[in-house]
Structure formats: structure tokens, C-alpha cells
There are 2 protein chains.
Amino acid sequence: MRKGPIKGKHGYEIEADIAFKDVNPADYDILVISGGKGPEKIRLDKDALEIARHFFKENKQVAAICHGPQVLVSAGVIKGRKATCWIGIRDDLIAAGALYKDNEVVVDGNFISSRSPADLYAFGREMIKLLK
Amino acid sequence: MRKGPIKGKHGYEIEADIAFKDVNPADYDILVISGGKGPEKIRLDKDALEIARHFFKENKQVAAICHGPQVLVSAGVIKGRKATCWIGIRDDLIAAGALYKDNEVVVDGNFISSRSPADLYAFGREMIKLLK
């Protein structure tokens, strides 16, 4: 994924200030993976997968919501981890060896996950706890 | 999924003439699973999963394209089968034990699959061969 403007599915535009290939993951404290249609593209970017692997290998903080955990399936880091996700990809997480739970937020050490935008309050609350 | 009008993602409307729960799969020769956003909902319908299992158990003809194989992951029937799919869910099929191939159409006995709308010609061609 490249640097520059990106338009979301509801038409909002944001500026991506760095491409995955230029990210040094050691410079960051937390990896947040949002949902929507993005994760199906991000999971095909080998640099993005290397970033995800760095965070899991170093036991750094990771937060994923909705379709976000698709990236973690592709990075091969979700096996044996407690997680939740958008219900439509639940069976993919289970097939990949995640320990799926149907909770608004699932905390497994430094890795937190939520199901949908309705869970954003709980997701944000646990993310802030991690960063304290 | 219920009987009645259904609107597709480009706004086209079709009439679903039977609900999954009212289908007797023994009455049908082929199961065709299309793609798009539907499979993430269909895979949550236990009656739809039973229909898919019937076709695999009886070695009847099944054709799935794009996101369609998500239904087969949830039905637990794709392990050890040669298959292809939309590239964004490739790693989910692999995690579920499918033998993924990046071809326009993959034929594994009575089960055929394709990657995307660009493969529709090959998908249709192999489907017609199955039904002959």
C-alpha cells in the first residue's frame, strides 16, 4: 500500500503518510488494524504481514477489529490466540487455529480484538489500558 | 435466508423463490455459489451449510466462485480439496486445508471453482461439462 490519499467506503478521504514498505515497526508501540474491505487487500501486502509478525514476535501491542484479523490469519500469527472478529469471518479464524470468543472485546495478553463498530467503546477502553 | 426480493450490491433486484430452510437438496443436480458480499451471510445460515454438506457427501456437482468458497469453509467440506477463490480469501482456504491453486478454474472431480468475474467464461464452460 502506498503513501497518499485513500478514500474509504463511505467516501471519506484520509492521507496515508507512509507506505508499508517504508515503515520500521520498531519505531511504533501499537499496531491497530481496522476493518471494512481494507484487510482483504492489506493481507496481500508482504510488507504489511512483516509488520504484523514483528509486533507478535516482540510481544508488542496489537488491536484488531471487524475484518482486521484477516491480516493476522495471513501473517500466520493467530493460531492458539484468543480472538474475536466480524461474525462473517469467524469460521476463518477458527480454521486458522484461533480460540474464537463471541465477546465485545477479547484480551489475550498484548493482543486485543473486537467484533464490529458497535464494540468500539470496549475496544478503545482496552486499547487505552494497554498503552498505559 | 428467506424467500422474496433481494437487492444485489449494484442495485439489481431478483426474486428468491425458496428459502434455504425449505430446500430439499435431493431435488437438485448442482449447487452454484456465487461471490460478492453474500457468502459472509450465507455461511452463517445452518440450513445453507446443510445443503452444501449434502452435495459433497453425495458427490454431486458444486461450483463456487470468488467469495463463494467461504460457505464451503464454514460447511467443513473443503479440507483436502483442490480449489481456487477470490485472492483476498486465499489464505482462509489454505488455513481450512484446501489445496489452493491460482488458476482461472480448478476442477476437482465434481467440484469446480474460479477466482473472479474475469474467469466466468472458464467457470461456465466447466460447469456445462459437469452437467452433460
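How many helices and strands make up the secondary structure of chain A? In this predicted model, the secondary structure of chain A comes to 5 helices and 8 strands, and, read from the N terminus, these elements follow the order β-β-β-α-α-β-α-β-α-β-β-β-α.

The overall dimensions of chain A can be considered next. Its C-alpha atoms fill a box of roughly 35 × 35 × 30 Å along the principal axes, and its radius of gyration of 14 Å agrees with the value near 14 Å that a compact globule of 132 residues would have. Buried residues account for 39% of the 132 residues in chain A, while 49% of the contacts between residues at least 6 apart in sequence join residues at least 24 apart.

The largest nonpolar core holds 66 residues, of which A52(A), L93(A), A52(B) and L93(B) touch the most other members. Leaving aside residues up to four places away in sequence, L93(B) touches P69(B), V73(B), I78(B), A83(B), C85(B), A98(B) and Y100(B).

Where the two chains meet, the contact takes 12 residues from chain A and 12 residues from chain B. On the side of chain A that touches chain B, helix 1 (39-42), helix 3 (69-75) and helix 4 (90-95) each give two or more residues, and helix 4 gives the most, with 3 residues. The classes of residue on that side of chain A are as follows.

| Class | Residues on the side of chain A |
|---|---|
| Nonpolar | 5 residues |
| Polar | 2 residues |

Chain A is superposed on chain B by a rotation of 180° with 0.0 Å of shift along its axis (RMSD 0.0 Å), which is the relation of a two-fold axis. The same surface serves both copies, since 100% of the contact residues of chain A recur in chain B.

How values were computed
Residues are numbered from 1 along each chain as its sequence is written. Chains are lettered from A and ligands numbered from 1 in the order in which they are written. This is a predicted model: local features need pLDDT of at least 70, side-chain atom pairs count only at pLDDT 80 or more; totals for chains, interfaces and linings use all residues. A nonpolar core is a set of buried Ala, Val, Leu, Ile, Met, Phe, Trp, Tyr and Cys residues joined through C-beta atoms within 7 Å. A residue is buried if 20 or more other C-beta atoms lie within 10 Å of its own, exposed if 12 or fewer, and partly exposed in between; C-beta atoms are placed from the backbone. Two residues are in contact if their C-beta atoms, placed from the backbone, lie within 7 Å. Helices (H or I, at least four residues) and strands (E, at least two) are DSSP runs, numbered from the N terminus. Ala, Val, Leu, Ile, Met, Phe, Trp, Tyr, Cys and Pro count as nonpolar, Asp, Glu, Lys and Arg as charged, and the others, Gly among them, as polar. Copies are superposed by least squares on the C-alpha atoms of residues with pLDDT of at least 70 in both. The radius of gyration is taken over C-alpha atoms; the globule rule is 2.2 Å times the number of residues to the power 0.38.
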